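Dear colleague,

I am handing over a structure that you have not worked with before, and I would be grateful if you could look through it. The sequence and the coordinates come first, and my notes follow below.

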Amino acid sequence: MTPTTSSFREAIAPLWRDNLALAQLLGLCPLLAVTTTVVNGVALGLASAAVVVIASTAMSALKRALKPAARLPVALLILATLVTVVDLFSEALFYDLHGKLGIFIPLIVVNSGLLAHAENVASRRSVGFTLLSALATGFGFLLAFVALGAFREIVGHGTLLSDIELLAGESYRGMRLDLGVGGVLVAILPPGAFFGLGLLLALRNRLTATKPQDRSSSGTPR
Amino acid sequence: MANARSHPFVTAVVVAAFAAAAFYAVEVTYDWSDDRIAANQRARVVAGLNSVLEPGLRGRDLTTTLLAVTDAALLGSDSPIDVFVLTDRGAPMATVFATVAPHGYNAAIDLLIGVAPIGTVTGVRVVRHRETQGLGDAIDTAKSDWMLQFDTKALSAPPPELWAIEQDEGEFDAISGATVTSRAVVAAVKNTLLYFEQHRDELYARAAEAANAGRASPP
């Protein structure tokens with residue numbers, strides 16, 4: 001395997017193999033709390049992804065300018081600023097959705113997985129690698145939100161993409177699908193979040209277990 | 001060693017520079033979003049007021065006067081709540097209470113209750129609640145029509161002893177599985193009507209006074 005391919009594979013590992021939520025089990029608090037519908041999940045997943053992509057890339061670009069002692073405070077400053085900006089931005093443009101996500105937008109700042117990426121990966125790797133890896137981390141996290149949100153919305157409400165107009169605009173209201181099934185209340189209650197997450201983890205382990213050669217390359221030991 | 005000694009100072013300067021940049025970025029975003037967020041909040045209040053008015057009054061250009069009143073027993077909160085008196089050339093057309101049902105299942109329920117001058121309910125909507133998803137959240141008109149049963153009700157119709165849910169020998173439907181929530185909302189609507197009956201003239205007088213003082217604001 002050429003070095004380019006292996007570092008590419010390492011950079012995109014957080015998309016699935018080292019997925020923040022499904023493999024590292026980080027950031028579960030917002031994941032479990034807001035995924036009562038797909039749209040809620042997509043909104044918070046996108047906000048988290050935007051924050052990690054910008055923060056990590058900026059930290060990587062700044063790594064020569066920053067002494068090790070300054071790295072953590074600056075990373076926190078950048079993350080806190082980005083999260084505040086995203087919070088104000090979403091309140092200005094997506095007021096109703098912002099109301100539904102509530103405290104979980106400001107709480108992106110304490111997502112340890114995102115901080116670890118902006119601190120660890122960004123300080124050791126090139127800007128290009130960091131950008132790719134941050135995209136993989138963000139979209140991997142978004143994937144977990146979408147999967148859990150879709151599962152809970154279908155089983156709990158029997159719909160998909162309800163409230164889409166809050167995110168995409170009034171003209172997309174018709175994208176909402178009524179599946180005519182579901183209505184299993186427990187799926188949208190907090191216990192349903194844990195059941196859904198358990199099923200997702202089981203599914204992921206099943207898919208990973210059939211391809212053992214994928215686990216041979218480097219990654220965080222678990 | 002001189003280099004090592006200068007590190008903390010340099011580090012502090014670098015971090016301070018980033019803090020200043022962060023401050024500036026937040027400031028710029030705040031300036032940009034401030035008006036939009038305020039407009040969103042106003043739009044929600046106006047939409048909320050419209051939703052609890054009689055259909056004939058919705059969207060009409062009424063003068064809205066905001067009053068603050070406190071009545072822990074009847075309005076559910078120790079702190080002042082907002083009361084909107086809507087007038088048309090000085091004649092009161094409707095009163096909207098942003099009241100609180102203190103005994104919700106998980107927390108207090110914030111309600112908007114519209115009352116016509118003759119004391120009938122013109123609409124009740126939930127503004128904010130923490131009731132159980134799938135059960136108590138049927139108080140939200142997006143989920144069910146339960147809230148609409150209060151329309152046109154008054155203190156005399158049904159009589160006061162029937163202002164309760166069926167389980168308590170009253171006239172109002174309860175949400176199945178959410179008796180506590182239903183009881184809390186029925187009580188809040190009844191108490192708001194009681195407050196209105198006792199303070200109607202006072203509210204109208206205060207609204208007229210505020211309008212004369214030029215503090216009235218269009219919705």
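Predicted model: local features only at pLDDT ≥ 70, side-chain atom pairs only at ≥ 80, totals over all residues.

Residues are numbered from 1 along each chain as its sequence is written, and chains are lettered from A and ligands numbered from 1 in the order in which they are written.

The secondary structure of chain A comes to nine helices and two strands, where helices (H or I, at least four residues) and strands (E, at least two) are DSSP runs numbered from the N terminus. Read from the N terminus, the order of elements in chain A is α-α-α-α-α-α-α-β-α-β-α. Chain A has a radius of gyration of 18 Å, close to the 17 Å that the globule rule gives for 222 residues, so it is as compact as a globular protein of that length; the radius is taken over C-alpha atoms, and the rule is 2.2 Å times the number of residues to the power 0.38.

Within chain A, the axes of helix α7 (residues 127-157) and helix α9 (residues 190-209) come within 10 Å and cross at roughly 125 degrees, the axes being lines fitted to C-alpha atoms, for helices over the stretch in contact, with angles from 0 to 180 degrees between N-to-C directions. The contact is made by A:Ala147, A:Leu148, A:Phe151, A:Arg152 and A:Gly156 of α7(A) together with A:Gly192, A:Ala193, A:Gly196, A:Leu197 and A:Leu200 of α9(A), two residues being in contact if their C-beta atoms, placed from the backbone, lie within 7 Å.

Between the chains, 17 residues of chain B are in contact with 19 residues of chain A.

In chain B, seven bridges join strand β1 (residues 63-69) to strand β2 (residues 81-88), and these strands run antiparallel; strands pair if DSSP finds at least two bridges between them. B:Thr63 has B:Thr87 of β2(B) as its bridge partner. β2(B) also pairs with strand β3 (residues 91-97) of chain B, in the antiparallel sense, over six bridges, and here B:Val85 stands opposite B:Thr95 in β3(B). The hairpin of β2(B) and β3(B) has two residues between the strands, and in this hairpin B:Arg89 takes a positive phi near 45 degrees.
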